[in-house]
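Please keep the sequence and the three-dimensional view side by side while reading.

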Amino acid sequence: MVLKLDKVNRGPHLSTLVASSISREIAEGRLKPGDQLPTEQALAQTFGVSRNVVREAIARLRSEGRIWSQQGRGAFVTDAANTTVLTIDYDALQQANAYLSLFELRGILEVEAAALAAKRRTDEDLARMHQALDTMTAAPYGSVMWLKTDLEFHRTVAAATGNPYMVQFLTFVSERVRDSILAAGNQQRSDDMASITLGEHRRILDAIEAGNPAEAQAAMQHHLAGAAQRVGLPDFKTD
């Protein structure tokens, strides 16, 4: 078995890059169903990363249904024909049209989630939204922590819908968007941008707290349009 694996660039998205590289080997047939992956140590040396990064990448591939592992034996490629797990390959998102399509899907889900959250939110939901927004306010704009808490805010909105599938789908899509932002490093950064973005989130929270579905939808549409501009997607439309 000859694999085309190379060292990956440094950054906060290393496990994503490692997982993507292994996924490409599977997609292009160099790793076939039933094949055993190289050991963690061998993969760490090949990619030039730590074994912890490799473990995170393997865990991600396992959650996506691309591989399965057995204690003491290692990790193996699954039979793609038998998996029903939704996956979005990192490499595919490097194409502008694919990234725009992902953002469009996010918009469809998040706008409706905001409306449902305004109808169904509980005091506990609102408390979690406030906490996420407070944490984001304290984080440096555009940092890994900022993006993490931004994702958490949107996850709390999804949770407030009371629909567990909404949470699963939105978390999955939003994490792929975040990974792409981290990898590309194209998020505009300034104090003005921080203030604008936080203001967009506060408007969403205020509308949900007021129990106003129409305003929550409008606030989420406005935020997503702004977010698309900030990551270089000027053609993104929310309606």
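What follows is a guided reading of a predicted model.

Because the model is predicted, local features are reported only where pLDDT is at least 70 and side-chain atom pairs only at pLDDT 80 or more, whereas totals for chains, interfaces and linings use all residues. Residues are numbered from 1 along each chain as its sequence is written, and side-chain values use heavy atoms, with hydrogens and water left out.

Phe 153 shows the packing in detail: leaving aside residues up to four places away in sequence, Phe 153 touches Met 129, Ala 132, Leu 133, His 201, Ile 204 and Leu 205, a contact being heavy atoms within 4.5 Å.

Attention can now turn to charge. The whole structure contains eight salt bridges, each defined as a side-chain nitrogen of Lys or Arg within 4 Å of a carboxyl oxygen of Asp or Glu. One of them joins Glu 40 to Arg 55, with the closest N and O atoms 3.1 Å apart; this pair links distant parts of the chain, since Glu 40 lies in helix 2 (residues 40–47) and Arg 55 in helix 3, 15 residues apart. Glu 40 is partly exposed because its relative accessible area is 27%, and the category covers values between buried (under 20% relative accessible area) and exposed (over 50%), with a 1.4 Å probe and protein chains only.

A second salt bridge, 2.9 Å from N to O, brings together the side chains of Arg 128 and Asp 125, both of which lie in helix 5, three residues apart, or about one turn of the helix. An α-helix has 3.6 residues a turn, so residues three or four places apart point the same way. Arg 128 is partly exposed at 41% relative accessible area, whereas Asp 125 counts as buried because its relative accessibility is 6%.

Between Arg 230 and Glu 200 the side chains meet in a salt bridge of 2.7 Å, N to O, and the pair links distant parts of the chain, with Arg 230 in helix 9 and Glu 200 in helix 8, 30 residues apart. Both Arg 230 and Glu 200 are buried.

Helix 8 itself closes the tour. It has 19 residues and reaches 27 Å from its first C-alpha to its last, close to the 27 Å expected at 1.5 Å a residue, the expected span being 1.5 Å times one less than the number of residues. Among its buried residues are Glu 200, His 201, Ile 204, Leu 205 and Ile 208. Helix 8 is followed by Gly 211, whose phi is positive, near 70 degrees.

Key: Helices (H or I, at least four residues) and strands (E, at least two) are DSSP runs, numbered from the N terminus.
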